[in-house]
Amino acid sequence: MASSSSSPAQAPAAEPLRQKRILSSKLYLDVPSSKAPVVYSPAYDISFLGLEKMHPFDSAKWGRICRYLAREGHLDKKRVVEPLEASKDDLLVVHTEAYLNSLKSSFRVSCILEVPPVSLVPNWIVQRKLLYPFRKQVGGSILSAKLALERGWAINVGGGFHHCSAEQGGGFCAYADISLCIQFAFVRLNISRVLIIDLDAHQGNGHEKDFANDGRVYTLDMYNAGIYPFDFGAKQYIDQKVELTSGTKTDEYLEQLDKALEVLKSRFQPQLIVYNAGTDILDGDPLGRLKVSPEGVVTRDEKVFRFAKDQNIPLLMLTSGGYMKSSARVIADSIINLSNKNLIELGSQLG
């Protein structure tokens, strides 16, 4: 994780200014009913002189998910929703000016993305080739909340940058899309209770810090306690934590999830669920170090969507971490399964 700046961080936007920024944002597009609530842009995918290959994250994952779905007749490309890029004013809803200014340093960005050679690249190129794709994905996460409330569910085929908080990035996460998405939802969607279900293999320390003392947000975080970020400060803000050990297998993982969801039902009644569906729990993932099968990931997602549907709670899904080439195929298979089980309606299956 990038170390925090020695200069004192600027206080986040005062509430009236934050509200003004949210209300004047262009990110909440009106999406026609002919589109599916699946959000993606080709601009999500990162291709940058091969430097992206120096991090284990598959930065072409997002496009490959959509290509699988389109090629196999599950989702017409014309039905996919393209988001706008989050502007500086949008980002200032959560982020401090000091943090956004720090991204004008290629060295700082290289620390956040964990790709040291990025520090040698002119910042205008870093902005265009690395940070612009992330800002598009942030726009997608924010719009997904609106779509979820309108349609009952939404999937942003990107996003889930759960290590980034208002004042600090890290772990390949440069913008706090989960925090931004929720702050927009509070103001624009008139809701006051949001549940984060974070099932990425890593602890979601970014949103945990951002909503540390905010009773409107409840966090269920199930993660491998023996890997990055080891953020013990943020752990105290998790409402319901399930700490796993490296090597946890599919059956035990799903059993722990069932128990957690059962407890959750009686603890918090949300108006929106933000589901961070990282696939770095897969067996063989070099960073997640869990041993969940591809079928286990598909079952996990089905359990979460069913949990939401049974209680009639709108849900948005973010794809988050996943550090193997097989992740895209597994996510596509999971989306196909959700459609087959009538938990989502893609509306273009070929028959």
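Let's start with Ser320, which is buried, at 5% relative accessibility. Keep in mind that we are looking at a predicted model. Ser320 sits in the loop between strand S7, residues 315-318, and helix H12, residues 327-340. Its backbone is worth a look too: phi of Ser320 is near 50 degrees, a positive value in a residue other than glycine.

Now compare that with Glu114. Here phi is near 60 degrees, again positive and again in a residue other than glycine. Glu114 is also a loop residue, lying between helix H5, residues 106-113, and H6. But is Glu114 buried, partly exposed or exposed? Its relative accessible area is 35%, so Glu114 counts as partly exposed.

While we are on backbone geometry, please find Tyr228 and Pro229. The peptide bond joining them is cis, with omega about 10 degrees. Pro229 belongs to the loop between strand S4, at 217-224, and helix H9, at 232-235.

Take Ser102 in helix H4, residues 97-102. Ser102 has 16% relative accessibility, and because buried means under 20%, it falls on the buried side. So what does its side chain find there? A polar atom of the Ser102 side chain lies 2.5 Å from the backbone oxygen of Tyr99.

The other one is Asp177, in helix H7. This residue is buried at 0% relative accessibility. The Asp177 side chain reaches the backbone nitrogen of Phe161, at 2.8 Å. If we leave aside residues up to four places away in sequence, Asp177 touches Val138, Ser141, Gly159, Gly160, Phe161 and Leu318. And for a sense of scale, Asp177 and Ile191 are 14 residues apart in sequence, with their C-alpha atoms 18 Å apart in space.

Staying with H7, let's turn to helix packing. Two packed helices are described by the angle between their axes and the distance between the axes. How do H1 and H7 lie relative to each other, roughly parallel or roughly perpendicular? Helix H1, residues 15-23, packs on helix H7, residues 177-188, at about 85 degrees, and the axes are 10 Å apart. H1 and H7 are therefore roughly perpendicular. From H1 the contact takes Arg18, Gln19, Ile22 and Leu23, and from H7 it takes Gln183, Phe184, Val187 and Arg188. Sorted by class, that contact has four nonpolar, two polar and two charged residues.

Now a second pair. Helix H10, residues 250-267, and helix H11, residues 294-310, have axes that come within 10 Å and cross at roughly 10 degrees. That crossing angle makes H10 roughly parallel to H11. On the H10 side you will see Thr250, Tyr253, Leu254, Leu257, Asp258, Leu261, Leu264 and Lys265, meeting Gly296, Thr299, Arg300, Lys303 and Phe307 of H11. The residues of this contact divide into six nonpolar, three polar and four charged.

Let me finish with the core. The largest nonpolar core has 116 residues, and Ile197 and Phe305 have the most contacts inside it. Which helix gives the largest share of this core? That is H6, residues 123-151, with eleven residues.

Not counting residues up to four places away in sequence, Phe305 touches Trp153, Ile155, Tyr275, Leu315, Met317, Leu338, Leu343 and Ile344. Thanks, everyone, and I'm happy to take questions.

Notes: Residues are numbered from 1 along each chain as its sequence is written. This is a predicted model: local features need pLDDT of at least 70, side-chain atom pairs count only at pLDDT 80 or more; totals for chains, interfaces and linings use all residues. Side-chain values use heavy atoms; hydrogens and water are left out. Helices (H or I, at least four residues) and strands (E, at least two) are DSSP runs, numbered from the N terminus. Buried means under 20% relative accessible area, exposed over 50%, partly exposed in between (1.4 Å probe, protein chains only). A polar contact is a pair of N or O atoms within 3.5 Å; within protein, one must be able to donate a hydrogen and the other to accept it, and residues adjacent in sequence count only if both atoms are side-chain atoms. Axes are lines fitted to C-alpha atoms, for helices over the stretch in contact, and angles run from 0 to 180 degrees between N-to-C directions. Angles under 35 degrees count as roughly parallel, over 145 as roughly antiparallel, 65 to 115 as roughly perpendicular and the rest as oblique. Contact means heavy atoms within 4.5 Å. Ala, Val, Leu, Ile, Met, Phe, Trp, Tyr, Cys and Pro count as nonpolar, Asp, Glu, Lys and Arg as charged, and the others, Gly among them, as polar. A nonpolar core is a set of buried Ala, Val, Leu, Ile, Met, Phe, Trp, Tyr and Cys residues joined through side-chain atoms within 4.5 Å.
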